[in-house]
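Trainee: I have not looked at this structure before. Could we go through how its parts pack together?

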Amino acid sequence: MSTATVLSSCAAENRSAFIGYLPVGFPDVARSVDAMRALVAGGADIVEVGMPYSDPTMDGPTIQAAGVQALAGGVRTRDIFTAVEAVAEAGATPVVMSYWNIVEQYGVDAFARDLAGVGGVGVVTPDLIPDEAAEWIAASDAHGLDRIFLVAPSSTPERLAYVAASTRGFVYAASTMGVTGTRTQVGDAAEQLVADTRAAGAEHVCVGLGVSTREQASEVGAYADGVIVGSALVNALDSGGPSALEARVAEFSAGVRDRG
Amino acid sequence: MDSELFSSPAAELPQGPYFGRFGGRFIPEALVAALDEIEEAFGKAVVDPEFTADLQRLHREYTGRPSLLTEAPRFAEHAGGARVFLKREDLNHTGSHKINNVLGQALLTKRMGKTRVIAETGAGQHGVATATAAALMGLECTVYMGAEDTERQSLNVARMRLLGAEVVAVDAGTRTLKDAINEAFRDWVASVDSTHYMFGTVAGPHPFPMLVRELQRIIGLESREQIQQRIGRLPDVVTACVGGGSNAIGMFHAFIPDSEVRLVGCEAGGVGADSNLHAASLTKGTLGVLHGARSLMLQDEDGQTVASHSISAGLDYPGVGPEHAWLHDTGRAEYRAVTDAEAMEAFRILCRTEGIIPAIESSHALAGALQLGRELGPEAVILVSLSGRGDKDVTTAGTYFGYLDANAQEA
């Protein structure tokens, strides 16, 4: 099921979707896959399977540290597909989030083919803008995958239109100018950005960066098609294991059903 | 030289974003507007006589340009008797070529109405230059430096702090230059309204490779004129060290149309280019994306960046600017890996034959000159970019050669 279908069915239930991010390989591959199953059991509609990377310029300390541990533990690109398959079997919609060099070294078309082969529906590309994405656009078309590009509060109206037109699935709106991590407030710019991105032609817009409480999830869920949470889940998994993770996931699932 | 300080788009040399199959912009969408703004501001600046005049005044009255061209005859005796000329970027204010770039970018920062600059630094030379330009122009300044580099280049850390900059030691990843760049990008994404990222080399997303090259191009422009005045002809070979590649591009660019002049870049071969301990991204690297550009780089099968190694902090970088990768591809420039040991031998020879203590980075180019002289013989004329001075390297070199007693090493 494409992300657009998931988001539309959530909208039909008059709620926002809950999108949870976890990196594969943290704390190790087997336990990261278990954690993703827990994420699905707790109510995540879409799971972003993150690929750890040596130079994660868009990530704050939490996800950086998890990535360092995963890479030290020997995580490989192919482990993504194990995690994606587990998420799909558990009944949620899996997408991958990866810095571009990882996909490029695997082979763009091969990555798309193998991802589609295990039930993955798309890729979030934090450091690939549509301007550089000709090969990815061709591969995602060939294998029927969503390509989830980002917009930011600094995006001009022309950029919003260009990104919206290049995207399939949903546009990922970065709530603030900054990197991933928990914040006490989600930027005021986020609501305006979602409205502007819709006005620029995007069918679905989900918001990420900084969401770490149930209240924030309902606040953002009131105007966005989906609420993306990453660092808060990694923190929960790190400090309290799968049970703490499940408890946090339940809060966010409730949050997106309670539109502020 | 006024007319050609900046290169003409009509010269048929690439101006970015792409250099052949290299370059581009692999960055978060959040930075697109800022990169566009820099490109636009620079495009306006180069056709504004006031900008050129301001920059030339700073070159002349602040940096001390034109830098000297010094013949090195006693050094040349070790280079097969070839004639060796040194382009003395080491005599610039702050001690290296890095000042050329930062003065131009600092003027640009003011033109864009920004009040703060950030920078990455490896050896500390770009950090010191940035802190200097920031002090000169009243800009707030934060410099990111890998924790390993703050330890091996502690004098430069103190220097930046003396100049009023905040120095942040980056403990992430390999704790060297690449991680400092990551951290600077993270700062920039969150601060881009007020802050200009004063990128120090010809790597990174467009327009940085073009911008930094244009600001360093003066090295080759001056050298080309000086050597012709001195000997009535162009050199046979021009050589420079390559980490990210800013002094090398600055030196090479004006010579690219001179097809009879060989351009030789010297990468850090570390313990040996066939070991895993080197920073030879052009001679040993593969095609990939790092820090916003497609170029050659050191990476594993999965595309994870591999840690580089060099005795010189300034060359200890697993990537290289896209224009060098293009020059390598087209064969217009050649690149060779110079080991730590070869560089330190050239360092020692220059100290003792010419009374000049070079930066360890620049010593890689000097080692290249020794090799090229021996290969080409006494008729050859070799021009070397002496990109920086070795004051910052005295502890490293003193330790390497055993010139420091135990107490001094501990201190």
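This is a predicted model: local features need pLDDT of at least 70, side-chain atom pairs count only at pLDDT 80 or more; totals for chains, interfaces and linings use all residues.

Trainee: Which residues of chain B lose the most area to chain A?

Mentor: The contact between the chains involves 33 residues of chain B and 35 residues of chain A. About 2,700 Å² is buried between chain B and chain A, with 47% of that from carbon and sulfur atoms. On the chain B side, three residues together account for 27% of what that side buries: E29(B), R186(B) and D302(B).

Trainee: Is helix α2 of chain B roughly parallel or oblique to helix α4 of chain B?

Mentor: Helix α2(B) covers residues 49-63 and helix α4(B) covers residues 98-111. Their axes come within 10 Å and cross at roughly 140°. An angle counts as roughly antiparallel only over 145 degrees, so α2(B) is, relative to α4(B), oblique.

Trainee: How many nonpolar, polar and charged residues are in the contact of α2(B) with α4(B)?

Mentor: On the α2(B) side the contact includes F51(B), L55(B) and L58(B), and on the α4(B) side it includes I99(B), L103(B) and L107(B). D54(B) of α2(B) and R111(B) of α4(B) also take part. By class, the residues are eight nonpolar, four polar and two charged.

Trainee: Is α4(A) roughly parallel or oblique to α6(A)?

Mentor: Helix α4(A), residues 79-90, packs on helix α6(A), residues 108-117, with the axes 9 Å apart and an angle of about 30°. Angles under 35 degrees count as roughly parallel. Therefore α4(A) is, relative to α6(A), roughly parallel.

Trainee: Is the crossing of α4(A) and α6(A) left-handed or right-handed?

Mentor: In this pair, I80(A), F81(A) and V84(A) of α4(A) meet F111(A), D114(A) and L115(A) of α6(A). That contact has five nonpolar, no polar and one charged residues. The crossing of α4(A) past α6(A) is right-handed.

Conventions. Residues are numbered from 1 along each chain as its sequence is written. Chains are lettered from A and ligands numbered from 1 in the order in which they are written. Side-chain values use heavy atoms; hydrogens and water are left out. Axes are lines fitted to C-alpha atoms, for helices over the stretch in contact, and angles run from 0 to 180 degrees between N-to-C directions. Helices (H or I, at least four residues) and strands (E, at least two) are DSSP runs, numbered from the N terminus. Angles under 35 degrees count as roughly parallel, over 145 as roughly antiparallel, 65 to 115 as roughly perpendicular and the rest as oblique. Contact means heavy atoms within 4.5 Å. Ala, Val, Leu, Ile, Met, Phe, Trp, Tyr, Cys and Pro count as nonpolar, Asp, Glu, Lys and Arg as charged, and the others, Gly among them, as polar. Buried area is the accessible area (1.4 Å probe) that two parts lose on being put together, summed over both. A crossing is left-handed if the near helix is turned anticlockwise from the far one by less than a right angle, and right-handed if clockwise.
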